[in-house]
Every structure is written in C-alpha cells, then in structure tokens.
Amino acid sequence: MGVPPLYSETNVIFSKDLSKTDVGVRLSFPMKALTVFQFLEGENKTEFEAADGIGKRWRFGLSKRKARHSKFHPKPVLSSGWLAYVKAKGLQINDRFFLYGDLDKLSTNKRFRVQAQRKVRRPIKLFGKEIHVEEVWVDIEELEGLKQETSRSIL
C-alpha cells in the first residue's frame with residue numbers, strides 16, 4: 001500500500017519535533033505553512049480535515065492573531081481537534097509531526113494528511129549477540145498495540 005503521489009515527501013507542508021506545549025495545549029504552526037490555507041477576509045480562524053496513516057479523518061482548527069496585531073508575528077496554532085489527535089495517538093514530547101498536502105495556493109479542494117513518528121531504539125544482532133543499537137523514526141501507527149487501539153476507537 002503506497003502513499004498517493006499527492007502526499008509524497010515533496011509535499012510536506014511542515015514537520016516539527018513536538019514540545020511540552022505542543023502535546024499539552026496546542027501545536028505552534030510555522031508561518032511558512034500559513035500560505036497553504038485560505039482565511040476569509042477579516043477572519044483569523046479556519047478549519048481543515050486531514051487523514052492519518054490508517055485512514056481516520058481528523059478535523060483541526062487553525063487560528064492566528066487578529067489583524068490588529070498584524071505588525072507582530074501572527075503566531076498560528078492548531079488548537080481545536082489537536083489534543084484529541086495527541087491523545088488518540090499517545091503523542092509525547094520529542095515525537096515528530098508531519099502535515100502533508102496540496103501545495104497549490106489556488107486549489108479550493110485541498111487534501112491533507114497527518115503523520116506522527118517516534119524515535120525508537122532497535123538492536124542489530126549478529127549470531128544472536130547485540131552488536132549495535134540504532135535509533136530510527138517509526139510511524140506511531142506501526143508501534144505495537146497502538147494500531148489496534150486506534151482502529152478500535154474508529155469503530
């Protein structure tokens with residue numbers, strides 16, 4: 001099962017190693033990623049839907065500072081829907097989050113995908129003896145048990 005071309009590595013909108021605030025309150029959203037989203041004139045909030053690695057759809061609210069603060073950094077954040085995603089995936093500080101999607105600024109039918117990864121230690125054995133330990137990033141859904149728990153919560 002391959003990833004559709006729309007969500008190839010070249011269509012990463014942003015990636016981020018998660019902080020304490022990201023997993024406990026809201027996800028700070030990079031300024032460069034705002035250009036992909038359309039806000040109605042005078043509005044500082046928008047919503048979008050994104051699918052995860054097992055096909056579950058998540059609705060997120062993206063907000064930025066109001067126009068009166070326009071001379072300052074808009075400080076975009078994912079708030080609504082974000083903590084439900086964090087809880088369902090069991091995300092932790094230093095896990096990595098990716099948002100993939102349609103980079104066409106003019107598209108009105110944008111599609112997005114979210115991915116979370118955790119760095120795990122994997123031993124490399126030779127003749128039954130551990131000779132090396134490597135750290136690799138693994139999709140959260142691939143970690144033992146989480147995929148089953150997440151699948152059950154979809155039903």
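**Note on strand β6 and its partners**

1. F14 stands opposite L99 in β6. F14 belongs to a pairing between strand β1 (residues 12-17) and β6. The two run antiparallel, joined by five bridges. Strands pair here if DSSP finds at least two bridges between them.

2. A word on the source. This is a predicted model: local features need pLDDT of at least 70, side-chain atom pairs count only at pLDDT 80 or more, and totals for chains, interfaces and linings use all residues. Residues are numbered from 1 along each chain as its sequence is written, and side-chain values use heavy atoms, with hydrogens and water left out.

3. β6 has another partner: strand β7 (residues 112-126). This pairing is also antiparallel, over six bridges.

4. How many of the six residues in β6 are buried? Five are, so the strand (residues 96-101) is mostly covered. Buried means under 20% relative accessible area, with a 1.4 Å probe and protein chains only. In the chain, buried residues make up 37% of the 155 residues.

5. Now the whole chain. It has three helices and eight strands, in the order β-α-β-β-β-β-α-β-β-β-α. Both kinds are DSSP runs, numbered from the N terminus: helices are H or I with at least four residues, strands E with at least two.

6. The accessible surface comes to about 10,000 Å², by the Shrake-Rupley method with a 1.4 Å probe. Carbon and sulfur atoms hold 51% of that surface.

How values were computed:
Buried < 20%, exposed > 50% of the residue type's maximum accessible area, 1.4 Å probe, protein only.
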